[in-house]
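Trainee: I would like to understand the terms used for this model. Can we take them one at a time?

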Amino acid sequence: MKILVTVKRVPDPNASIKVKPDGTGIITDNLKYVVNPFDEIAIEEALRLKEKSGGAEVVLVSVGSKTAQEQLRTGLAMGADRAILVVAEQELDSLAVARIFHKLVQDEKADLVLLGKQAIDDDANQTGQMLAALLGWPQATFASKTDSLESEAEKSGTPGIQISGGAAKVVREVDGGLETLELPVPAVITVDLRLNVPRYASLPGIMKARKKELKELAIDSLGVDVKPKLKILRLDPPPKRQAGRKVGSVQELVQALHNEAKVI
Amino acid sequence: MHDDISAAWRSFDLHAPTDEHRLLAETLQTFVAQEVEPQAAQYNREERFNLALFRRAGDLGLLGLTVSESDGGAGLDATAAVLVHEALSAADPGFCLAYLAHAVLFVHNFARNGSAAQKERVLSKAISGEWIGGMCMTEPEAGTDVLGMRSTAVRQGDHYILNGRKMFITNGAIDDRTTGDVFLVYAKTDSKISTFLVEKGFSGFSLGQRLHDKLGVRASMTAELVFDNCVVPVSNLIGSEGESSKHMMRNLEIERLTLAGMSLGIALRCLEVMVGYSNERKTFGVPIREHGQIQRHIAESYSEFRAARCYVYDVARRLDLSSFGNRVDADGAKLFAARIAKEIADRAIQVLGGYGYMGEYVVERLWRDAKLIEIGGGTVEAHHKNITKDLCRAPELIRR
Ligand SMILES: Cc1cc2nc3c(=O)[nH]c(=O)nc-3n(C[C@H](O)[C@H](O)[C@H](O)COP(=O)(O)OP(=O)(O)OC[C@H]3O[C@@H](n4cnc5c(N)ncnc54)[C@H](O)[C@@H]3O)c2cc1C
């Protein structure tokens, strides 16, 4: 089985993000970048599936600037087998990225594609869905699991997604509960936060990553239409949080929640 | 053209010059937050060694950090070693000292100077964390004056008879009764210094006492070890008889540099605590960051920390672990980092007022820990003496 996992380079979720005064983007000076946390969960799941089946190959794919090499190296140090970086310095929308992945899935003859449910920079939550449509493959989004992240099954590295007899069983998070789906493989699966706790690289893993293949492809060499269909007009920072206030009584609190905050 | 040169130079990261350093730093960040920080207060309060955590460091490959890959280590350099000590000490300098005594004083030293046969037998156990190691130089009556040590070893047939006492040995014990597993012990053969590999259970080797009630670094165990007609097989002599003083001096360089790394971790954490608190705490109607005297604490701490960090990592960058003769900067880095970390910890307590004096706010522990670096691995006075001696012999070092 060949599992393709997508990896996006995104700003560190702990960094404080500032919008440029003209609203055309965010200020990237001195910004730290990491693997999109949802993609990290996808990598972990792929590695667990590989460890369980014994025969799988885990291939990481990323689209972005040359510096995204760093995030691919992180994934290789976690244990993925090799990586492909499609080098693109321009802005790309979700559809363009899905088309690039479509091409890579075909070229690589992958059996399963795992993606984070969304990237934490633009929160679009659509690349996986678009990719499934382009491929004509079944899809399951927001993969989660019934065991808690404190459970023994989690600690022993049991995968949450079960694959056997050409089908994948996926527990997905829906409003107010969990839903279990079965879908034939090949398939596209996007993963949610509670699927697993990703491992971090050990030193032997880091040293091995140095020797693993990281192939770069120029975006033009793929023959894919990446013309943007979407234009970002402007970015605005969220409104500043108002300072808190002390209230004198429960009554006053209830009234404030009702009349001012309008939450009850 | 000029732009290109300076752009490449600007992106060079002294603290993480390669992908391997960057990945190591990422791993450490998670390991420290998830596994080191949560246990630190308790193990230091109770003066206990966290064996399980030590073995976790073994699982991650941290114990063989600077051992060559052909010997089963990660083959990393002095920069990586400093990085690990800085990261661990930002949470738990006590645990970090136990790590240092094992990974730098025992494993690194042994991998450099042991024979292939010795390494074959011992190294993998030490790198995995199955065996806990340490290094025995100091004696009850010889610390700074290390060449004045009194321990002796006399050859008798196929073994040596080792006699002497060693003092303040980190990892000498792992609890009140049990010695560590394996030690590099310096002793005189005739009048010259040799090194012996002494293993737990050797006849004549025992725990003199586990030393309780240290000021700081309380999650590391310190002990006095006794060698009373201790029988050491000739095959456990490291290198040749009488040639160890060079090895001993060389290992002191990476020891001092990693101790300086510990000071950086302490300083970094104290700064974070101090800055965070000055944003939160209000007096006289304003956050205390508005008060000039608090600003002085923060600004001086920050600039000293940055200066120390550049110095320590620059020495690490230049240090070829197979070379000799880098004492002036190993001592210089530790001399400076130890002092500023101690002062920064002191200012952190001051900025936090009464809360700073309480264990919950961590900086009082770091304040106690910080003092060690002015004593262990060579006192401040020893560094004064060494640096002056080296500079007066070779004044060209100043312009280098
Ligand atoms: C927590 C801890 C862990 C340790 N771990 C280890 C370990 O694992 N292995 C090991 O071998 N050792 C270890 N040590 C010992 C440490 O290296 C020594 O304590 C240190 O080298 C100082 O030696 P001393 O204590 O004998 O002091 P002394 O040498 O007796 O010094 C006393 C004072 O005199 C000063 N002094 C001495 N000579 C001179 C001089 N020529 N000029 C000016 N001033 C001078 C010193 O600077 C100091 O202020 C550890 C110590 C501590 C506290």
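Trainee: What share of chain A is called buried, and what makes a residue count as buried?
Mentor: The model is predicted, and in it 38% of the 264 residues of chain A are buried.

Trainee: What secondary structure does chain A have, and what does its C-alpha trace span?
Mentor: Chain A has seven helices and 12 strands. Its C-alpha trace spans about 65 × 45 × 40 Å along the principal axes.

Trainee: How many of the contacts in chain A join residues 24 or more positions apart?
Mentor: Such pairs make up 73% of the contacts with a separation of 6 or more. A contact here requires C-beta atoms within 7 Å.

Trainee: Why is helix H10 of chain B called largely enclosed?
Mentor: Six of the eight residues of helix H10 (residues 363-370) of chain B are buried, so the helix is largely enclosed by the rest of the structure. The buried ones are Val363(B), Arg365(B), Leu366(B), Trp367(B), Asp369(B) and Ala370(B).

Trainee: What covers the buried residues of H10(B)?
Mentor: The cover includes helix H2 (19-45), H5, helix H7 (244-280) and helix H9 (327-352) of chain B.

Trainee: Which residues touch the most other members of the largest nonpolar core?
Mentor: That core has 190 residues, and those with the most contacts to other members are Val5(A), Phe196(B), Leu257(B), Cys270(B), Val312(B) and Ala345(B). H5(B) gives the most to this core, with 14 residues.

Trainee: Which residues does Leu257(B) touch, not counting residues up to four places away in sequence?
Mentor: They are Ala78(B), Val82(B), Val312(B), Val315(B), Ala316(B), Leu319(B), Ala330(B) and Ala333(B).

Trainee: How is chain B divided into domains?
Mentor: Chain B has domain 1 (2-132), domain 2 (134-238) and domain 3 (244-398). The C-alpha centres of domain 2 and domain 3 of chain B lie 29 Å apart. Their contact takes nine residues from domain 2 of chain B and 10 residues from domain 3 of chain B. On the domain 2 side, strand E5 (residues 192-199) of chain B gives the most, with three residues. That side has five nonpolar, four polar and no charged residues.

Trainee: Why is the ligand said to lie between two domains?
Mentor: Domain 2 (134-238) and domain 3 (244-398) of chain B both give residues to the shell around the ligand, so the ligand lies between them.

Trainee: Which residues are closest to the ligand, and how does the shell divide by class?
Mentor: Of the 24 residues surrounding the ligand, the closest are Met137(B), Gly143(B), Thr144(B), Thr379(B) and Glu381(B). The shell divides into 11 nonpolar, 10 polar and three charged residues. Helix H5 (93-113), strand E1 (133-136), strand E3 (159-170) and helix H11 (380-393) of chain B each supply at least two of its residues.

Trainee: How many residues of chain A are in contact with chain B?
Mentor: On chain A there are 12, in contact with 16 residues of chain B. Helix H2 (69-78) and helix H6 (203-209) of chain A each supply at least two residues of the chain A side. That side divides into seven nonpolar, two polar and three charged residues.

Trainee: What confidence does the predictor give?
Mentor: The mean pLDDT of chain B is 96, and 99% of its residues reach 70 or more. The complex has an ipTM of 0.85 and a pTM of 0.91.

Key:
Residues are numbered from 1 along each chain as its sequence is written. Chains are lettered from A and ligands numbered from 1 in the order in which they are written. This is a predicted model: local features need pLDDT of at least 70, side-chain atom pairs count only at pLDDT 80 or more; totals for chains, interfaces and linings use all residues. Helices (H or I, at least four residues) and strands (E, at least two) are DSSP runs, numbered from the N terminus. A residue is buried if 20 or more other C-beta atoms lie within 10 Å of its own, exposed if 12 or fewer, and partly exposed in between; C-beta atoms are placed from the backbone. Two residues are in contact if their C-beta atoms, placed from the backbone, lie within 7 Å. A residue is near a molecule or strand if its C-beta atom, placed from the backbone, lies within 6 Å of it. Ala, Val, Leu, Ile, Met, Phe, Trp, Tyr, Cys and Pro count as nonpolar, Asp, Glu, Lys and Arg as charged, and the others, Gly among them, as polar. Domain bounds come from an automatic or database domain assignment. pLDDT is the predictor's confidence in each residue, from 0 to 100. A nonpolar core is a set of buried Ala, Val, Leu, Ile, Met, Phe, Trp, Tyr and Cys residues joined through C-beta atoms within 7 Å.
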